[in-house]
Amino acid sequence: MLHLPSTCPELKTKRLLLRPFVLEDAPRVTEIAQDREVADTTQSIPHPYTIEDARNWILPQYRDTQEGRLYTWAITLQSSQEIIGATNLEIHAQYRWADLGYWLGKNYWGQGYATESARCLLEYSFKVLQVHRVQAYHMSRNAPSGRVLQKLNMRYEGTRRQAMIKWGIFEDLDYYAILRDKYLRH
Ligand SMILES: CC(C)(COP(=O)(O)OP(=O)(O)OC[C@H]1O[C@@H](n2cnc3c(N)ncnc32)[C@H](O)[C@@H]1OP(=O)(O)O)[C@@H](O)C(=O)NCCC(=O)NCCS
């Protein structure tokens, strides 16, 4: 059965500390999320991005976590404690799967941080939450995100054509997933 804690624990990797957001993080979130290039390949980051957007995004996270519905972590660097991005797991309890999402400030791209934090959330999903499947999707034009999922041994399951609209343009979405058995066998 699923184990859904009512708090978002701190999780450590080699270089990162994943921790829950607090309202005081809103200015820093605004600083990194307001970059159009960051918003460009996400479904939910608005542009332009204001501090109100950041507050309205952080505020419900506590309740979502308590309800075991959506767990969101700030991705921070252990070395400086600065926030470099965010990652989350949306729980679909009925079918015991989790949807993985992530974004990073542009200055931090290309250094393996997304892979490192996503690897940590895969482990958390299967070993702590006890999910059966972890799924993720990205716009087909977002090759780096696809690469992150491939590096985690997630399997490409197909493309939903023109399934999202971004900046007024239809976008194809590539879907990836990994099942519990395969994860635990590795
Ligand atoms: C997608 C994103 C999270 C990747 O983060 P990251 O920390 O740079 O990712 P990593 O460094 O762990 O891995 C990126 C991989 O993509 C590869 N890559 C980079 N540009 C690429 C391109 N144009 N084509 C193919 N692969 C590419 C990198 O070489 C790396 O693979 P490698 O380790 O085999 O060399 C980051 O670019 C981002 O936040 N983008 C904006 C928001 C977003 O798109 N979020 C995801 C929504 S699904």
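This is a predicted model: local features need pLDDT of at least 70, side-chain atom pairs count only at pLDDT 80 or more; totals for chains, interfaces and linings use all residues.
## The ligand and its pocket

Let's start with where the ligand sits. The space taken by the ligand is the largest pocket. Around the ligand there are 22 residues, and the ones that come nearest are Thr 41, Leu 104, Gly 110, Thr 115 and Lys 151.

What kinds of residues make up that shell? They split into 11 nonpolar, 9 polar and 2 charged. As for secondary structure, strand E5 (97–104), helix H5 (113–129), strand E6 (133–139) and helix H6 (143–151) each put at least two residues into the shell. H6 gives the most, with 6 residues.

Thr 41, already listed with the residues that come nearest, has a polar side-chain atom 2.6 Å from an oxygen atom of the ligand. Asn 142 has a side-chain N or O atom 2.8 Å from a ligand oxygen, and for Arg 147 a side-chain N or O atom also lies 2.8 Å from an oxygen atom of the ligand. How much of the ligand does the protein bury? On its own the ligand exposes 970 Å², and the protein buries 71% of that.

## Aromatic pairs

Now for the rings. The count comes to 7 aromatic pairs. One of them brings together Phe 21 and Trp 57: the ring centres are 5.0 Å apart and the planes sit at 65 degrees, so this pair is edge-to-face, with the cut-off for that label being over 60.

Where do the two partners come from? Phe 21 belongs to the loop between strand E2 (16–19) and helix H1 (26–33), while Trp 57 is in helix H3 (residues 51–58). They are 36 residues apart, and the pair links distant parts of the chain.

A bit of background first: most residues other than glycine have a negative phi, and most peptide bonds are trans. Against that, the peptide bond from His 47 to Pro 48 is cis, with omega near -5 degrees. Pro 48 is found in the loop between helix H2 (36–39) and H3, and H3 is the helix that holds Trp 57.

Which residues have a positive phi? Gln 162 is one of them, with phi near 50 degrees; its place is in strand E7 (residues 155–166). Trp 167 likewise has a positive phi, near 50 degrees, in a residue other than glycine. Trp 167 lies in the loop between E7 and strand E8 (169–179).

Conventions. Residues are numbered from 1 along each chain as its sequence is written. Side-chain values use heavy atoms; hydrogens and water are left out. A residue is near a molecule or strand if one of its heavy atoms lies within 4 Å of it. A polar contact is a pair of N or O atoms within 3.5 Å; within protein, one must be able to donate a hydrogen and the other to accept it, and residues adjacent in sequence count only if both atoms are side-chain atoms. Accessible areas come from the Shrake-Rupley method with a 1.4 Å probe; for residues, only the protein chains shown count as cover. On a 1 Å grid over the protein atoms alone, a cavity is a set of points where a 1.4 Å probe fits but cannot get out, and a pocket is an open set with protein on both sides within 12 Å along at least five of seven lines; lining residues have an atom within 4 Å of a point. A molecule sits in a cavity or pocket if more than half of its atoms lie within 2 Å of its grid points. Helices (H or I, at least four residues) and strands (E, at least two) are DSSP runs, numbered from the N terminus. Ala, Val, Leu, Ile, Met, Phe, Trp, Tyr, Cys and Pro count as nonpolar, Asp, Glu, Lys and Arg as charged, and the others, Gly among them, as polar. Rings of Phe, Tyr and Trp (its six-membered ring) pair if their centres lie within 6.5 Å; planes under 30 degrees apart count as stacked, over 60 as edge-to-face and the rest as tilted.
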